Amino acid sequence: MDTARLKRIPVFADLDDESLSNIAALAAEVSVPAGKELVREGDYSYDVLAIEEGTASVERGDEHIADLGPGDVIGEMGVLERSQRNATVVATSPMLLVTLTSWDIRKLRKSTPAVVDHLRGVVEQRTDHA
């Protein structure tokens, strides 16, 4: 994965080149069609998904709670907190995602702890605004 592409995703934009290189070495790119369920409420979190292209809908129970698009991140709360998904997310258009597994996050915790600290900051901001 190209670090310049990662830099265009806001959650990664403030990271230094070494951190971006470490993420790029682990990250995978995934394309999904419209209608694909990305995560299901209540399931355990095994990956973090950053939206590079496309849109998705977030629902909790029967309630629509948000629309997501390029730059948004899904799943970081569950992976970092080792908790269940708190919402279901479904692609509303074809999407291009950058993914990191929970194993990737563990590797980053050892090699580049600042990256995991940065993601934790994102989680804390979301928790404060939830």
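In strand 8, L97 is the bridge partner of V30, helices (H or I, at least four residues) and strands (E, at least two) being DSSP runs numbered from the N terminus. The model is a predicted one, in which local features need pLDDT of at least 70 and side-chain atom pairs count only at pLDDT 80 or more, whereas totals for chains, interfaces and linings use all residues. Residues are numbered from 1 along each chain as its sequence is written, and side-chain values use heavy atoms, with hydrogens and water left out.

Strand 1 and strand 8 run antiparallel and are joined by five bridges; two strands are taken to pair if DSSP finds at least two bridges between them. Strand 8 (residues 95-101) is also joined, by six bridges, to strand 3 (residues 47-53), again in antiparallel fashion. Within this second pairing, T99 of strand 8 is the bridge partner of L49, and L96 of strand 8 is that of E53. These strands belong to an open sheet of four strands in the order 1-8-3-6, with antiparallel pairing, whose edge strands, strand 1 (28-32) and strand 6 (73-74), each pair on one side only. Six of the seven residues of strand 8 are buried, so this strand is largely enclosed by the rest of the structure, where buried means under 20% relative accessible area, exposed over 50% and partly exposed in between (1.4 Å probe, protein chains only).

Helix 5 (residues 102-111) lies across strand 3 and strand 8 and runs at about 55° to strand 8; axes are lines fitted to C-alpha atoms, for helices over the stretch in contact, and angles run from 0 to 180 degrees between N-to-C directions. The charged end of R106 sits over the ring of W103, 4.5 Å from its centre, the criterion being that NZ of Lys or CZ of Arg is within 6 Å of the ring centre and within 35 degrees of the ring normal.

A nonpolar core is defined as a set of buried Ala, Val, Leu, Ile, Met, Phe, Trp, Tyr and Cys residues joined through side-chain atoms within 4.5 Å. The largest nonpolar core holds 22 residues, of which L6, V11, F12, I23, L100, I105 and L108 touch the most other members. At least two residues of this core are supplied by each of helix 2 (10-13), helix 3 (17-26), strand 3, helix 4 (76-81), strand 8, helix 5 and helix 6 (113-129), and helix 6 gives the most, with four residues. Residues up to four places away in sequence not being counted, I23 touches L6, F12, L15, L100, L108 and V115, contact meaning heavy atoms within 4.5 Å. Apart from this core lies another, of 14 residues, among them L49, A87, M95 and L97.

A further open sheet of four strands has the order 2-7-4-5, with antiparallel pairing. Strand 2 (37-39) and strand 5 (63-68) stand at its edges, each with a single partner strand, so one side of each is left without a neighbour in the sheet. From one strand to the next, the twist averages 30°. Strand 4 (residues 56-60) and strand 7 (residues 88-91) run antiparallel and are joined by four bridges, with A56 standing opposite A91 in strand 7.

V89 lies in strand 7 and, at 4% relative accessibility, counts as buried. Its contacts, leaving aside neighbours within four places in sequence, are K36, E37, L38, V39, A56, S57, V58, L68 and I74. The C-alpha atoms of V89 and F12, which are 77 residues apart along the chain, are separated by 21 Å.
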